[in-house]
Amino acid sequence: MNPAESAAICQEFLDSVYTIPHGEKIKECIQCGTCSASCPSSAAMEYGPREIIASLRAGMLDKVLSSNTVWLCVSCYSCTVRCPAAIPFTDVMYELKRIQTEKKVSKDTGPTVMAKSFVAVVDKYGRNHETELLRKYFFQTNPFDGIRNIPLALRLIYRKRFHLRPRKIKGLTALKKMMSAIDNHRKEQP
Amino acid sequence: MNNDKKIGVYVCHCGTNISHTVAVDEVVAHAKTLPDVEVAREYKYMCSEPGQELIKKDISEQGLNRVVVASCSPLMHEGTFRKTCESAGLNRFLFQMANIREHCSWVHNDKADATKKAKHLVGAAVGRVGFHKPMELREAPVRPETLVVGAGIAGIEAALRIADSGKTVYLVEKEPSIGGHMAQFDKTFPTLDCAACILTPKMGMVAQHPNIKLFSYSEVEAVSGYVGNFKVKVRRKARYVNEKKCTGCGECTSVCPVQTRSQFEENLSFRKAIYRSFPQAVPNTFLIDKKGRAPCRAACPAGVHTQGYIALIADKKYTEAAELLRKDMPLPSVCGRVCYHPCEDKCERANLDDSIAICALKRFVADWALNQKIEVKPLPVIKKEKVAVVGSGPAGLACANELIRRGYCVDVFEAAEKAGGMLRYGIPAYRLPEEVLDKELAYLQNIGIGIHTNQKVASVESLKSKGYSAVFLSLGAQGGMQLKISGDTSRGVIDALEFLRSVKSGSLKQCKGTVVIIGGGNSAMDAARTALRLGAKEVKVIYRRSRAEMPAHDLEIEEAVKEGVTFEYLAAPTKIVSKDGQVRSLICQRMKLGEPDASGRRKPIAIEGTEFETPAEMMVTAIGQVPLLEKMAPSLKMTPSGWIETDPITLETTEQGVFAGGDVVTGPSTVVDAFAAGKRAAESIDRYLAGSDMRLGRDQLPSVAGAPDISKTPLAKRAEPARLDDATSKASFAEVISTLTEAQAITEAKRCLACGVCSECLECLMKCEAAAIDHNQLDEIVEVNVGTVVIATGFESFNARKMARYGYGKLKNVLTALEFERLSHASGPTGGEILTVDGKTPQSVAIIHCVGSRDENHQLSCSRVCCMYSLKFAHLVKEKTGAEVYNLYIDMRTPGKGYEEFYRRLLSEDVHFIRGKCSEITDLAETPKEKGKLFVHCEDTLLGVKRRIPVDMVILATALKASSTAPEIAKQFSLSCVQDGFFLEKHPKLAPVEVATDGIYLAGACQGPKDIPDSVAQGAAAAACALSLMDRGKVIIEPITSHIDAKLCSGCQVCVQSCPYEAIVYRAEENRSEVIEELCKGCGTCVAGCPSGAANQNHFERNQIYAELEGVLKRHTAKIGVKQSSGFGSDQKGKQTQPTYQDQAL
């Protein structure tokens, strides 16, 4: 990605962050590292929360977007609760996920596939259907892994933790209407 | 008159401060259109020399007689321009300022709107200035005394500077010693000289300075007046030690039994209840920590020093404890057996586990004393008056005990064969063995109380004729109430008191068959249990209400039930059936409960046709007691039921010099109530004989101590005395409950939470050779008049508990900065050794910066000193222990002389600096080796790596926050506070120690976090400001005062009441009020309050205000060239925009 594109992404990202309540606080980050130190998954992240803000300031957000970072956030809100600059960082993380999905900056990895499959299943039935979710996930990532896990799946089905047939929510049509309305609304926004 | 006005308008650009947002040329053009405006000009800087010259020139050349300057806030330059006018020969009050910077350009973005608003503001000023009148300035004297509030290093510095110039300083400090936080510090950065070494000489100078009047342990109560003459009320909190007499020898602490945590040592070590903050304290006076009367003592009717004897027992000082008890009550061993201990019901410990066994402890120590073979000497008689006590029950003996200790000769007269009254004849031996009573009576006789038995007193007159100056009647209620039903004279029907008396005297030795007891009081229980012991086959208590209404004490009922007494509730006897004059059975009727009666208990109502018969060989009636009285004096007034009438406070009877108390006044009551009555009467008799006011101060209740902190107190079981088993107990008259053992007593006494802190055991009183201790000292209010005030109230440390993730208060070895200062201090709890809680030298220590500061959740500001003191801590730890030290910082801030050098020095000392804020501290060990360590988590932001550092100790660099007293002080002295709570200075750069109110100055950390050098500098600066004002000796006061039009005044005096400066007096002869100009501050309250419009204020007269309002609200036609916008009132016709404030107003 060239510097101009990179800067554009940074600006687009910032603009969307500002729409979050207290999102503008991101400008006041003092780089103390409380967020990264509090984050239960930051050790596995290529860039911790503090480094995301530093990259953003340096105009190098594309590096973050092509990393695994955002998909490792478990939404525990520790960073948000502890941040001395009161930055709602977990919410910022959601914006990052969205922008990464929309821009297709990174190639699909395990976490992205899992997230996308989950959304697809929920869109379809209005709730999760574990069997279909895992079928989609393993099919796109490592089908052999899926086969290896069949005995476990059978045990789960036997214990009624997994269901072969999906269960739908009541009013699924209404939910779909709502979701598409939200999508359209976002597309209309500049 | 109108034609005479010539107004000049000058609009300032203020560089670009104004002109950037306001079209100055348009404002000038607009001004020119306003009536009476002779000239209007603009200039880049009106306040500059050429700007002012412009005005002067116009005044002299064009003959201007009014001037308006539209520029900044009048706070900034009103004085400047008034002087300009004055130097050109124009009265300074013929000037008006329009604020188009702070009120306009700085707060608006839209140029068109801002310009429009500026025009309105100028219009208002022009309108107003036309009505201005020339006035002359006033002068007021400035008193040459200063009040300095707070005696930390800043306050000390200010006080010494002012005092050295010969002026008087009143130095008020809320803590017992001066010195503030600096007195707690070990070393000071960056020079590492010892804080005490540089502070204590200054503290000593304060103590010795002839011009400093030190009010330590005092607080400002109220402030009135104004610059030059403030009236300040100072509350000198009671130290309970006379400052003038105390020599500071410290002997008192050696006898004080109460230990409590030392606040000066940050609760790391203990001190006594009588204490001095630290050995170098100034003043070198001890004080007693009293949180109020302990709840147990407050609950005791006789006001016994419960916490006192408990503390002494815990300290194994039994002799002293017993002596304290005996001063409070005549028969402590008896009381320890029979009291219903209301004290234990109020014991705060009950909120934790179980109340303290206060009564059992009293019995333990009183018994211990009775068993000592010490010769008791009579107490000296120092008063010439003799007092007679009639009746030797608890009330009489309490009165005698109290009076003999006050030096009176007391004689007790008893009609019966033996002394003790109801205690001897009314309480069975299994509750109170007779030998205990005998031993106690012997003790009372030994201290000099004359007890004369077999002496029935016929009349008060006979006593008076024998030379007794006062008489106390405590005759008790000896008669039993009659049942008054048919058959009540049968053999076998006996009154409870008579029954108990016969058993005691030995005339009744046996009971047979079924014994029925009528009644539900304590006497009924005593009779029931006694009957059991005399061999009754069955004992049945018949009571007309239910268990809940029974007046007998719960404990007594439980004991009776345990021993096998049966109860028949809601039944009343109607007839006694007898054969040959001997009772055979009893006819009873069932009852139900109706509405509550006068006693608050539900009234029993008989149910017709529910009679039943109960066989009974004997029947004991215990339905109430009556006094057996003959009239002892002609004018002695009795109540209709036969009790003596007394004054409730003094216990005086209607006969002069005769007092009465106990059951004979109140009806049957408890022993401790009788003691209380005896003591109360003794106090009255003492006052009566001394001829002083018998009521003064006696109806006031003492303040009761609040709940103590029980968060750290471990649970502990209440001591239970050994007791006979139920089978043995009901077979004999042996005492059922025994005394606590010594070991039990000590453990139990140590459970006491010391609610009042000082236990009032009065040991210190006896130890103090200088006689400096006064447990009854009261707070004192001192009023001082001063010309100036210096506020130096300092800071408070951030409460680290608020950052729960650092575990302060939960994890061991997590310290705050002040705790570490004490730990490292040579005279601290460890003598300067840095040790963990387990007494080990730490191998590794982490110092966490910015705890509570630079944090939106707590305090946004940087505390300025934490980086530097953290470096100092790192150095001290390294120097004293050689431990690995980790400093976790966000940014290192070392601005100050020698500070950066100190940082470099620490870097060279191999201290680890990690850039990253600590996210949490845990004690979660991952391997057995790690056990006992603390783990500091952070991101090393320079590496981008998460770290988990095992350490032995963590020091939290806690923020400096505004003192919690700041809002109160701000209110008293009319100061403003910034968001963090620190006081707001007049100007952050140019007037850092002044405030908006003249004559009041700030010094030190109350204005914002600062280190010692800065605090000292501010102290000196505040002193210089105060001195310059006092040296001038006068202040200029604007003549903006109010005045009352005598013709309009109706004399309603609303103004008199509303004036906060007491500047208005009412002249009754003329029926009008008048303003005393010297006292008037020009606040305008009277003007607003006056219903007839008679009150008016110079420079704020009605026509001036109306003209200003008209100017501000006047609709102006839009000028060409500036785009109209809808925000600030549009004049475009047809297209109606949103209503603006003008539209609404006009």
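From the N terminus on, the elements of chain A run α-α-α-α-α-α-α-α-α-α-α. That makes eleven helices and zero strands. Helices (H or I, at least four residues) and strands (E, at least two) are DSSP runs, numbered from the N terminus. This is a predicted model, in which local features need pLDDT of at least 70, side-chain atom pairs count only at pLDDT 80 or more, and totals for chains, interfaces and linings use all residues. Residues are numbered from 1 along each chain as its sequence is written, while chains are lettered from A and ligands numbered from 1 in the order in which they are written.

Stay with chain A. Its C-alpha atoms fill a box of roughly 55 × 40 × 35 Å, taken along the principal axes. Chain A is divided into domain 1 (3–103) and domain 2 (110–188); these bounds come from an automatic or database domain assignment. The C-alpha centres of the two domains lie 27 Å apart. Of the 190 residues in chain A, 29% are buried. A residue is buried if 20 or more other C-beta atoms lie within 10 Å of its own, exposed if 12 or fewer, and partly exposed in between, with C-beta atoms placed from the backbone. Two residues are in contact if their C-beta atoms, placed in that way, lie within 7 Å. Among contacts in chain A with a separation of 6 or more, 63% join residues 24 or more positions apart.

Now look at helix H7 (residues 110–125) of chain A. Its 16 residues should span 22 Å at 1.5 Å a residue, and its end C-alpha atoms are 23 Å apart, which agrees. The expected span is 1.5 Å times one less than the number of residues. A:Thr112, A:Ser117 and A:Val121 are buried in H7(A). They cover an arc of only 160° around the axis, so they sit on the same side of H7(A). The arc is that of the directions from the helix axis to the C-beta atoms. Helix H8 (130–140) of chain A is part of what covers the buried residues of H7(A). Just after H7(A), A:Gly126 takes a positive phi of about 80°.

Next comes the meeting of the chains. Here 16 residues of chain B are in contact with 17 residues of chain A. On the chain B side, the elements that give two or more residues are strand S40 (918–922) and strand S41 (934–940). S41(B) gives the largest share, three residues. By class, this side has two nonpolar, six polar and eight charged residues. Ala, Val, Leu, Ile, Met, Phe, Trp, Tyr, Cys and Pro count as nonpolar, Asp, Glu, Lys and Arg as charged, and the others, Gly among them, as polar.

Strand S41 of chain B also holds B:Phe935. Is B:Phe935 buried or exposed? It counts as buried because it has 20 C-beta neighbours inside 10 Å. Not counting residues up to four places away in sequence, B:Phe935 touches B:Ile921, B:Thr922, B:Leu924, B:Arg948, B:Ile949 and B:Pro950.

Finally, the cores. A nonpolar core is a set of buried Ala, Val, Leu, Ile, Met, Phe, Trp, Tyr and Cys residues joined through C-beta atoms within 7 Å. The largest has 159 residues, of which B:Leu361, B:Ile517 and B:Ala528 touch the most other members. Helix H23 (residues 671–690) of chain B gives the largest share of this core, ten residues. Apart from it lies another core, of 123 residues, including B:Met803 and B:Leu888.
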